[in-house]
Amino acid sequence: FFRLFVFCCEIFVLLLHHKAAVAVLSAPLLASTMAVRVWLWAAVFCNVMCLSAGGMLNVKSAGDLATIDLDKHAYLVEFFSPMCGSCKEFAPVWKDFSEAHKGDIRFAAVNIDTKYGMKFAEKHGVLKLGLPAVLLFRGDRVTAVASGEVIPMVKLARKVQAEVQGLKRGVDKLYLKSIASDEL
């Protein structure tokens, strides 16, 4: 049911960007920007509720990407390709690290071989950094924690700890995104 819901959100987002398709489908609800926003927020809410149990968000849709951008929590995001040898070598480190720290920060994984994954990677300059890459989404900025190399869990933990310094924790003990001073 959840995947069907996310699929519907993707269709609404695509229709919003392709006004010719909206004109053909003449349904006022589909053409409504508000309807798209409601569906997207609902997808984000469902993702956040699923993640509250400490799971990994595997980015497969526009709704998943919106979750990373719109959630109040900071995200540690791994960018990988299943065909990348270094990514395969880094996978157990990432898995162990995410399981060990699931009570501290939210985690997501982005496969750059998918349509949404590639767009998200290009948006954040991951292809220039190299794979595997781990980026921290902390609200006011996105920081590369690791890129282009396989690093041990201890080094990854040290780098992440240095980057999350100064971030507040929510009631759920997870790190929250910071707000840029010009947004206050």
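**Helices across a mixed sheet**

Mentor: Start with helix α7, residues 115–123. Helix α7 lies across β2, β3 and β4, at about 110° to β3. Keep in mind that this is a predicted model.

Trainee: OK. Which strands does helix α5 lie across?

Mentor: Helix α5, residues 62–70, lies across β1, β2, β3 and β4. Its angle to β1 is about 130°.

Trainee: And what order do the strands take in the sheet?

Mentor: β1-β3-β2-β4-β5. That makes five strands in an open sheet, with mixed pairing.

Trainee: Why is one side of β1 and of β5 left without a neighbour?

Mentor: Both stand at the edges, β1 at 56–59 and β5 at 142–147.

Trainee: By how many degrees are neighbouring strands turned against each other?

Mentor: On average 25°, ignoring direction.

Trainee: Zoom in on β2 and β4. Parallel or antiparallel?

Mentor: Antiparallel. Five bridges join β2, residues 75–80, to β4, residues 133–137.

Trainee: Which residue of β4 does L76 stand opposite?

Mentor: L136.

Trainee: New topic. How many helices and strands in the chain?

Mentor: Nine helices and five strands. Along the sequence the pattern runs α-α-α-α-β-α-β-α-β-α-α-β-β-α.

Trainee: What share of the residues is buried?

Mentor: 41% of the 184 residues.

Trainee: And the accessible surface, what does that come to?

Mentor: About 10100 Å² for the chain. Carbon and sulfur atoms account for 63% of that surface.

Trainee: Last one. What share of the contacts with a separation of 6 or more joins residues 24 or more positions apart?

Mentor: 61%.

Notes:
Residues are numbered from 1 along each chain as its sequence is written. This is a predicted model: local features need pLDDT of at least 70, side-chain atom pairs count only at pLDDT 80 or more; totals for chains, interfaces and linings use all residues. Side-chain values use heavy atoms; hydrogens and water are left out. Two strands pair if DSSP finds at least two bridges between them. Helices (H or I, at least four residues) and strands (E, at least two) are DSSP runs, numbered from the N terminus. Axes are lines fitted to C-alpha atoms, for helices over the stretch in contact, and angles run from 0 to 180 degrees between N-to-C directions. Contact means heavy atoms within 4.5 Å. Buried means under 20% relative accessible area, exposed over 50%, partly exposed in between (1.4 Å probe, protein chains only). Accessible areas come from the Shrake-Rupley method with a 1.4 Å probe; for residues, only the protein chains shown count as cover.
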